[in-house]
Protein chains: 2
Amino acid sequence: MTAAVHALINDNKIEAAMLEIGQAARRAAAELAIAEPGQKDQALRVAAQELRHHTSGIIEANRRDLEAAEEAGKNGAYLDRLMLDPDRIEAIASGLETIAALEDPVGKTIAEWQRPNGLDISRVRTPIGVIGIIYESRPNVTADAGALSLKSGNAAILRGGSDSHHSSVAILTCLTHGLRSAGLPADAIQLVPTTDREAVGHMLKGLGGTLDLIVPRGGKSLVARVQEEARVPVFAHLEGICHTYVDRGADIDMAVEIILNAKLRRTGVCGATETLLVDRNADDDYLSPLVKALLDAGCEVRGDAAAQAADERVVAATDEDWGQEFLDSIIAVKTVDGVDDAIAHIARYSSQHTDSIITECHGTAERFLKRVDSAIVMHNASTQFADGGEFGMGAEIGIATGRMHARGPVGVEQLTTFKYVVRGSGQTRPK
Amino acid sequence: MTAAVHALINDNKIEAAMLEIGQAARRAAAELAIAEPGQKDQALRVAAQELRHHTSGIIEANRRDLEAAEEAGKNGAYLDRLMLDPDRIEAIASGLETIAALEDPVGKTIAEWQRPNGLDISRVRTPIGVIGIIYESRPNVTADAGALSLKSGNAAILRGGSDSHHSSVAILTCLTHGLRSAGLPADAIQLVPTTDREAVGHMLKGLGGTLDLIVPRGGKSLVARVQEEARVPVFAHLEGICHTYVDRGADIDMAVEIILNAKLRRTGVCGATETLLVDRNADDDYLSPLVKALLDAGCEVRGDAAAQAADERVVAATDEDWGQEFLDSIIAVKTVDGVDDAIAHIARYSSQHTDSIITECHGTAERFLKRVDSAIVMHNASTQFADGGEFGMGAEIGIATGRMHARGPVGVEQLTTFKYVVRGSGQTRPK
């Protein structure tokens, strides 16, 4: 970060400062695009060591954020998201090493073919360019998002929440040290040095064409604002309204085990199932054990008439419960008339994040997998597997439910684009 | 197209009519996504036959458009773009058959892997959904764009130029007949039945969330408006400012042959070279024959001091000539200090469309191919190869210079997105 940026911020010239940041990122991106894989990995490994060496300093910075948040009357869950301790800092450091160990996506040939005239055409992965990440209270995003951007050859402009600003600055210092030690530009990962909300508005407008992509990490209102206002592409999901459909052909023991995991393993994640659909034709056998298992595990069940008849603890679902993202120990349960009715319900209410079918019938499963138009469709598995790490991508910057470029978990590969490389021997195009 | 849409248009309720069209397209898209490849191909083949059978009717409709355009005082080039004759109609018909013969991209597995816990994950191509195509006078776009959308499983909303409206309606009738004969929804390809410009504005806003993508086909002002105002993703290129760099390591005969083709084969296409960069270190040997060959072929050369010294017919280039898209028999010629200087010039002035290096030196070529950040980079080949057909994609809906999803020629594969299909055997996610 240049002195010029700080001077502009001090003069309250936020727009000029943000444009300066964008241009510095663009220059850094040009260097990153041709950096050797070893340089990027070294930067990440050195940053990990720095995080470990400066644990106490980071905790001290974090304590200032925590005290301010407490004074502002934030609740316990909020403070917990903000809090850093030695274990969490170690997790951040080893996360950087995990990302360093991933295969480098840049320069990889995705496809290659030869034309009859002898031209060799290949499609080669290249970085996207400059990525803006807008996030809220979790300071670990500073490291994760910065590292994923770097690994994929992109410059990052990080705009963390004002509540975690001191923690983020302390973490960024370690990342910057890593970049310098590897001979990479320090501006490859920049943290917006002001908590003025105006800065976000400038990012959404694209910083004078220097920003190629925005990734919002945070609650629904942040994501909604970014999706509504951004003039550059956005990778995000607004909601995870995930469905699990238990078909007449399901193994009921498997179905019970999966639904308990899909709903209750963690209720606050976007891959948690929010609605259970049960095949009406399997009513007597299936609905009751599924509903009872959820209730016995402490889950509130809001059901249709059939679900209410299955157990007296079930409360009546209202129309608002379908398509509701509870993010809590609450589930909506509906009986449907077979797989096509389930597909129709999902088409209407799903947020196109992750939807799963439980059945032993291969044909029914394939019908569901083909016809449900979500980023992730599953058969006989818990929707909570919707995660870049679980997909084997090593780490993810988020999950996207848009239709273009990246859908599902967004890992380093999804943070790249491509170009065509054409190798000839003097070919000219005939009239 | 429903009667409801026509009634709304007659009442001048353009917005309501456009939303109705969007919803009809969305319903059609759901059917197309699961259509059998054979159905889509049959629709295209029947449409091709219909075009041939109704050649005289199409020419009659086209004559009405031509007469109106003549009355409006359009120039000869404009009238030529608008004009249809039996040969052009046959070319449109066989174009549909070419698209029918392409491999179906939908349902194709792009990647597949297994996780240690036994989950099978595959990434499978799916249609994007609903594509809006906004174009100007060429009526053949009605068939080409409609067919490429259909082949890739997408519903198309076509908004042709008002000048070609009668021709487009006649062509659409043939496409609709093909769709019906194959048991596909007629609304899979819709033509906006009004030439009111307000309709374009509604498309740019996304038709109530029913439009997934816009492809503008036309002049720079149309593309600029779409890129500026669209609230949905756009596949387009604003300009094709393509460079050819002749390195000191070039075979001069090859370089002359390529530059003549790259500039002059067709001067009005986006892949035409607009600026020739010549290595200063090869000055005496290379600059003169390159410049003379262009001049002798009737090309105006606007050059820097060195180029002017090479031939008295060279006029002085101004600053505006670098980065200029002439689309004419005019070329800007500049001497540069080797490959890195050429790369720097291209980074500054290129529109990231297509840029080529001519050299026999492998290392220099690879440096250029790696460092030039354009959708297509070439070695020892004419920039006029920047074309979906020449790339072996069968047909293209256009060339994209954006960084996301599709770059370079946009063929049927680029008109798809993907989803993850996860197949399990009861897996639940550990805490």
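Leaving aside its neighbours within four places in sequence, with which residues is A:Phe235 in contact?

**View 1. Surroundings of A:Phe235 in the predicted model.** Contact here means heavy atoms within 4.5 Å. Leaving aside neighbours within four places in sequence, A:Phe235 is in contact with A:Leu213, A:Ile214, A:Val215, A:Pro216, A:Ala400, A:Met404, A:His405, A:Ala406, A:Val410, A:Gln414 and A:Leu415, and also with B:Met404 of chain B. The residue is placed in the loop between helix 10 and strand 7 (242–246) of chain A; helices (H or I, at least four residues) and strands (E, at least two) are DSSP runs, numbered from the N terminus. A:Phe235 is buried, with a relative accessible area of 5%, where buried means under 20%, exposed over 50% and partly exposed in between (1.4 Å probe, protein chains only). Between A:Phe235 and A:Ser329, 94 residues apart in sequence, the C-alpha to C-alpha distance is 28 Å.

This is a predicted model in which local features need pLDDT of at least 70 and side-chain atom pairs count only at pLDDT 80 or more, while totals for chains, interfaces and linings use all residues. Residues are numbered from 1 along each chain as its sequence is written, chains are lettered from A and ligands numbered from 1 in the order in which they are written, and side-chain values use heavy atoms, with hydrogens and water left out.

**View 2. Packing of helix 14 against helix 15 in chain B.** Helix 14 (residues 339–349) and helix 15 (residues 362–371) of chain B pack at an angle of about 20°, with their axes 10 Å apart. Axes are lines fitted to C-alpha atoms, for helices over the stretch in contact, and angles run from 0 to 180 degrees between N-to-C directions. Helix 14 of chain B and helix 15 of chain B are therefore roughly parallel to each other; angles under 35 degrees count as roughly parallel, over 145 as roughly antiparallel, 65 to 115 as roughly perpendicular and the rest as oblique. The contact is made by B:Val339, B:Asp340, B:Ile343 and B:Ile346 of helix 14, together with B:Thr364, B:Arg367, B:Phe368 and B:Arg371 of helix 15.

**View 3. Helix 9 and helix 10 of chain A.** The axes of helix 9 (residues 198–205) and helix 10 (residues 220–229) of chain A come within 9 Å and cross at roughly 45°. The two helices of chain A are therefore oblique to each other. Helix 9 contributes A:Val200, A:Gly201 and A:Leu204 to the contact, and helix 10 contributes A:Arg225, A:Val226 and A:Glu229.

View 4. A:Tyr78 lies in helix 5 (residues 76–82) of chain A and is buried, with a relative accessible area of 16%. Not counting residues up to four places away in sequence, A:Tyr78 touches A:Ser137 and A:Asp163. A:His165, in helix 8 (residues 165–181) of chain A, is buried at 18% relative accessible area.
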